[in-house]
Structures are given as C-alpha cells and as structure tokens.
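Good morning, and thank you for coming. Please look at the sequence and the model on the screen while I go through the fold.

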Amino acid sequence: MPIPRTIQTLFSGNLFSGKELPLLGCLFAGLVFLKPAWSDCLQEVQETEHGNRLCLVQQKYSTECDRIEQDKFNAVATCHLPGTDGAVLTETIQHAAAAVHGDPADSLYRKGLSKIEERNELLRLSDHRWNAFFGDLLGTLREDNFDTKDCPLAFEGQSGRFSLISYTSLPVKEDLGIYLGPVQNDVTHLYVMPMRDKLCYGITSRMQSGSIEDDQPNQVYNLSQSDLQQLQAKPLDQPSRAGFRGRFLVSICMNAQTCLEEQKKIASAWTEYKSLIHRISAEEDCSRYAEANASGEINLQQLNNVNCSAADLAKKTKADHERSRQLASVLFAGSTAPTHH
C-alpha cells in the first residue's frame, strides 16, 4: 500500500523531532493492524462461504449444514463494520460460492424433498378418488404398499389387493316403480381387478421409473379383501355419495378389459330386463281384462303395446317370465349372464 504524503513529510529531515514519535507510533499501528484485520475477516468469509456451499451441494439430511451456515453468517456480520467496503465483501462471497462445483438443488436432501412433495401430491390425488367413491362407506386409503423400492411413487401390487375398474348401479325402484319391481331391491355391481405382484399401479408421475398400469380417472387402488366383504355386507338404504345403490355384488375380473366387458353385459341385461317387466305387466293386464270381459262387451285389442287378442298370449307370457328369471339371476344374484335365445 503506498505510504501517505503525511508520513513522508514526517520522515523528512526538516519536520522530524522527538515530539512526533507518539504520533508516528499511532499511525504505524493503524496501518499495520487495519489491513491484516480486514484481510483476515474476508478470509474467514471466504472459507465459511466455500464450506457452506460445499455442504449444501453434498447435503444428505436437513440439519447437516446448519452449523457452518451460522458460521458464515457470523463471519459476514463481523466484516459488516462501519467503513468497510460492501462491494468487496459481496465479491468475496460470490467467488467463494462459484469455486464449488455443483448445484444445491441436486443434493440428495433437496431431491428427497422434491420427491416427498410429489409423493404427498400423488397420495392426495389417490386419497381424493378413494374418498369420492368410498368416503362414506369404508375407512381411509391404505398406504403401506405405496412408494416402495420396486414401485416408486405408485402402489406396488400384492396378493389380496384390488383396483376398482368400474361399477354399475341398478335403480330398480326408480326405474320400475314399487308395483313392477317389488321383489328386487336396488343393487350395485362393482368390477374389480386383482393387483398383481411386482406390478405398479397409480397415477402416472414424471418421476415414475417402473412399469405402471394405464391410469383411468375412475380407477381406485388398493381395495382389500376385507373392504370388499364389508361392502357386500352393507346394504344401502339411500344412494351413497358416489351413487352406489342398494346392496353390492362384486365381480373379480382377470384384467381391466374383462371388467369392462362384464359391465357391458350387465348394462345390456338391465335394459332387456326392464323392457320384459313392462311387457309382462301388460300381458298380465290383458289376461285380467279378458276374464273380466268374458261377455265381450268391451272391444279389447291392444294394451300397452301388447296384442291382447293374440292366440299365443299365454305362451308368450310364460316365456317372458322365464327369461326375466334368467336375467334376474344375473342382475341380482351375480350369476353368469345367460345368452339370449
């Protein structure tokens, strides 16, 4: 550092005398100790910032860098004294950080935080589906097989767990009325698929690395055997929040495609059954009116689209009753759907 002109003057032969010795001592003390103190302070900032940045890049757990980060703050505070050069301090911090290769965002700890956030979000979405379907019927969604080693951010399939693929509710009383459908109650068919071991199930994630089943918005994962038993033992007096009605019949399918095929069969059988019930009612009305009109006073030809004068009316009514019993066994007892004759 260049020596100030005042010092040079004091050293000249014209001004120097014994009286100036105390002043010289003070000035030299200031020059000798001010620069080393500032230099040591910056060195401390540089070392602690470098160490803190290196710790953040390599961080594995939450409190790992707390101590050295506090040391850095203390060093910076010490250097922030009146008269110090803030620009030099900032530059020192920036250079110390830049000397460390790597990004703290890529540390195991920060990546873990990101995964935890995504894990919680996926669980929240799965839980939302579960509650939308079963919130007023079953307990909470099971999480014991979620985000395992083999199925990150998904449910790992295991024996005894099922996915709900689809369902069909039959509103008997609403569609057929209390007079046409008094012998049957409302029923809901659930179509579930066993979750296979080591296969991953769940809402597809950007971090998902394993094999995962194609996701559908109506699929609910991780139903257990006890869940299915509980549903089948719980007839509903009123439709559930999800629209389930009456008692439950559970169909366990080999895969999602067969579940949807079974659902189509039930829908077709239900359409045919409703039509049959209305036709049988009209056919029986024809017979009752025919008996009451034995004298022929009333010209009764057609009733509810049924030809009451048909010679084979009794035979048709018998056949329709038989077919309705076949369909009822499928719709309300869960047996195999009969083929249409």
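The protein has 9 helices and 8 strands, where helices (H or I, at least four residues) and strands (E, at least two) are DSSP runs numbered from the N terminus. This is a predicted model, in which local features need pLDDT of at least 70 and side-chain atom pairs count only at pLDDT 80 or more, while totals for chains, interfaces and linings use all residues. Residues are numbered from 1 along each chain as its sequence is written, and side-chain values use heavy atoms, with hydrogens and water left out.

Of the 341 residues of the protein, 37% count as buried. Buried means under 20% relative accessible area, exposed means over 50%, and partly exposed is in between, with a 1.4 Å probe and protein chains only. Taking contacts with a separation of 6 or more, 68% are between residues 24 or more positions apart; contact here means heavy atoms within 4.5 Å.

Let me turn to the sheet. In what order do the 4 strands of the open sheet run? The order is E5-E2-E3-E6, and the pairing is mixed. Two strands count as paired if DSSP finds at least two bridges between them. Strand E5 (220-224) and strand E6 (247-252) stand at the edges with a single partner strand each, so one side of each has no neighbour in the sheet. From one strand to the next, the twist averages 45°. Axes are lines fitted to C-alpha atoms, for helices over the stretch in contact, and angles run from 0 to 180 degrees between N-to-C directions.

Strand E3 shows both kinds of pairing. With E2, E3 pairs in the antiparallel sense over 8 bridges. With E6, strand E3 (residues 187-194) pairs in the parallel sense over 6 bridges. Tyr-191 in E3 stands opposite Ser-166, and Tyr-191 also stands opposite Ser-251 in E6. Thr-188 has Phe-248 in E6 as its bridge partner. How many of the 8 residues of E3 are buried? The count is 7 of the 8, so E3 is largely enclosed by the rest of the structure. Helix H7 (residues 225-232) lies across strand E2 (161-170), E3, E5 and E6, and runs at about 85° to E5.

Helix H3 (residues 66-79) has 14 residues and spans 20 Å from its first C-alpha to its last, close to the 20 Å expected at 1.5 Å a residue. The expected span is 1.5 Å times one less than the number of residues. Buried in H3 are Ile-68, Lys-72, Ala-75, Val-76 and Cys-79. These residues cover an arc of only 95° around the axis, which puts them on the same side of H3. The arc is that of the directions from the helix axis to the C-beta atoms.

Helix H9 (residues 313-333) has 21 residues and reaches 29 Å between its first and last C-alpha, close to the 30 Å expected. Its buried residues include Leu-313, Asp-320, Arg-323, Leu-327 and Phe-332.

I finish with the charged pairs. The structure holds 14 salt bridges, each being a side-chain nitrogen of Lys or Arg within 4 Å of a carboxyl oxygen of Asp or Glu.

Which helices does the pair Glu-272 and Arg-323 tie together? The side chains of Glu-272 and Arg-323 meet at 2.9 Å, N to O. Glu-272 lies in helix H8 and Arg-323 in helix H9, so the pair ties together parts that are 51 residues apart in sequence. Glu-272 is buried, with a relative accessible area of 18%, and Arg-323 counts as buried at 10%.

In helix H8 (residues 256-292), Glu-262 and Lys-265 are 3 residues apart, about one turn of the helix, and their side chains form a salt bridge at 3.7 Å, N to O. Glu-262 is partly exposed at 32%, and Lys-265 is partly exposed at 44%. Arg-325 forms a salt bridge with Glu-322, with the closest N and O atoms 3.0 Å apart. Arg-325 and Glu-322 are 3 residues apart in helix H9, about one helical turn, and Glu-322 is partly exposed at 39% relative accessibility.
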